[in-house]
Amino acid sequence: MTGLYIHVPLCEKRCRYCDFYKLTPGEIDSMDLYLQCLEIELRRLPSDFAPNTVFIGGGTPTALSPSEYRKMLEAIDRRINLSQVVEFTSEANPGTLTPDKLKAMRDGGVNRVSIGVQSFNNRALQLLGRIHDAKTAIAGYHMLRDAGFDNVNIDLIQSIPGMKPADVLADAEKAAGLEPDHISYYNLIYEPGTPLTKAKDEGRVVPPGDDEEADNYFMVKEYLEHAGYGHYEISNFSKEDRECRHNVLYWQGGEYFGCGPSGASHWHGRRFSNIPDLNTYTNRLLKDQRPFDEVEHLSKEDKARETLVMWLRMTAGVDLDGFKKVTGFEVYDLCGAGIESMLEENLLQRQDNRISLSREALFISNAVFSELL
Ligand code: SF4
């Protein structure tokens, strides 16, 4: 399995917690040059590259106009062999959806949409600096269904300051009540330099404590499982056979190209990320130069350790024989002592030939992973 990621560096407005690379309409007049250079970059990919998944993210892909969106999809279709694609996702911000845009997406082959609802609580949405309220998010979701999208993810954010357990549960209930195919439930991260981090550092917003966060996480997990969503990855829940194949590809250590400014690639043991700056990105491509600087070469052992950690993100865990087959390494040769001690501490569990995170470790997985890397 291989994947293609496209980064659209445009958002209506910057959310207060976000550090992804993007520009806002006041900072850029036209997306024409971006689209032109994206096509140059796509043209430079190996001619035998035929991804199984495509994911258009950002930024906000749906901040593009319908005609810009259409041009982007046409460029992808012109330059990439899409014959093997089984899942073609676009992210969408509910505050930017129009029937024309959704038609352009459908016509161009998008068959899955991930809508960034984040919360159904208007106070929380304001705190996060989202451009939409809960009503717009619900209307956006219905617009997607009306446009014929039969595979929809709702993104929610957990641990939003000020949300009481009842508010957290209400978010999960409202999301599940809409019956999306998939629900992502990512933790709010305080990225350096964002307005929300500044507000936290100055004591103007107070995140929930660790115990409260963990209680909320398990409350939502249990609620969603009861509502028919399988918990297949630390932060992801889906109806049967509706897992996000593009993300599963990442978690299984698969290879992919990431195009657009800041797009990250992992191809044939090399990792590289495009410069997160639209001017530099376009200048380089117009001069037929590559849009990235550093190329990281992973040793086989580093790659195997990384694969181990990525597989552990999935609740199915690591099949020991499968791991050996894919990486050439025995899990116990790589980090047997660490695994034994985490089995003893009940952070990992072993069932037959499979090792996975224990329930207790799901919420502190980063600590487990740092022991194994
Ligand atoms: S819409 Fe998404 S990418 Fe854009 S600023 Fe908000 S969180 Fe970041």
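Two residues are in contact when heavy atoms of theirs lie within 4.5 Å. On that criterion, residues 24 or more positions apart account for 69% of the contacts in the chain with a separation of 6 or more. The structure is a predicted model.

## Overall form

The chain has 373 residues, for which a compact globule would have a radius of gyration near 21 Å; the value for the chain is 21 Å, and therefore agrees. The C-alpha trace spans about 60 × 45 × 40 Å along its principal axes. Of the 373 residues, 54% count as buried. The accessible surface comes to about 16900 Å², and carbon and sulfur atoms hold 47% of this area. The secondary structure consists of 14 helices and 15 strands.

## Ligand surroundings

The shell around the ligand is made up of Cys11, Lys13, Arg14, Cys15, Tyr17, Cys18, Lys22, Gly59, Thr60, Asn93 and Arg130. Gly59, one of the shell residues, lies in the loop between β2 and α2 (66-79). The peptide bond that leads from Gly58 to Gly59 is cis, with omega near 25°. Most peptide bonds, by contrast, are trans.

Strand β2 (residues 53-58) is mostly covered, with six of its six residues buried. Thr53, Phe55 and Gly57 point one way from β2, while Val54, Ile56 and Gly58 point the other way; all are buried. Strand β1 (residues 2-8) pairs with β2 in the parallel sense over six bridges. Within this pairing, Gly57 in β2 is the bridge partner of His7.

## Antiparallel pairings

Strands of a sheet pair through backbone hydrogen bonds, in either the parallel or the antiparallel sense. An open sheet of three strands has the order β13-β15-β14, with antiparallel pairing. β13 (318-319) and β14 (348-351) stand at its edges with a single partner strand each, so one side of each is left without a neighbour in the sheet. β14 and strand β15 (residues 354-357) are joined by four bridges in the antiparallel sense, and Gln351 stands opposite Arg354 in β15.

Strand β10 (residues 264-267) and strand β11 (residues 270-273) also pair in the antiparallel sense, over four bridges. In this pair, Arg271 of β11 is the bridge partner of His266. The two strands β10 and β11 form a hairpin with two residues between them.

## Positive phi values and a buried helix residue

Most residues other than glycine have a negative phi.

| Residue | Phi | Location |
|---|---|---|
| His268 | about 50° | turn of the β10 and β11 hairpin |
| Ser262 | about 75° | loop between β9 (255-259) and β10 |

Are the two serines buried or partly exposed? Ser159 has 10% relative accessibility and therefore counts as buried. Ser262, at 24% relative accessibility, counts as partly exposed. The cut-off for buried is under 20% relative accessible area.

Thr307 is found in helix α11 (residues 300-313). With 4% relative accessibility, Thr307 counts as buried. Leaving aside residues up to four places away in sequence, Thr307 touches Gln252, Phe323 and Thr327.

Technical notes:
Residues numbered from 1 in each chain as written. Predicted model: local features only at pLDDT ≥ 70, side-chain atom pairs only at ≥ 80, totals over all residues. Heavy atoms only, no water. Near = heavy atom within 4 Å. Rg over C-alpha atoms; globule rule 2.2 N^0.38 Å. Buried < 20%, exposed > 50% of the residue type's maximum accessible area, 1.4 Å probe, protein only. Areas by Shrake-Rupley, 256 points an atom, 1.4 Å probe, with all protein chains shown as cover. Pairing = 2+ DSSP bridges.
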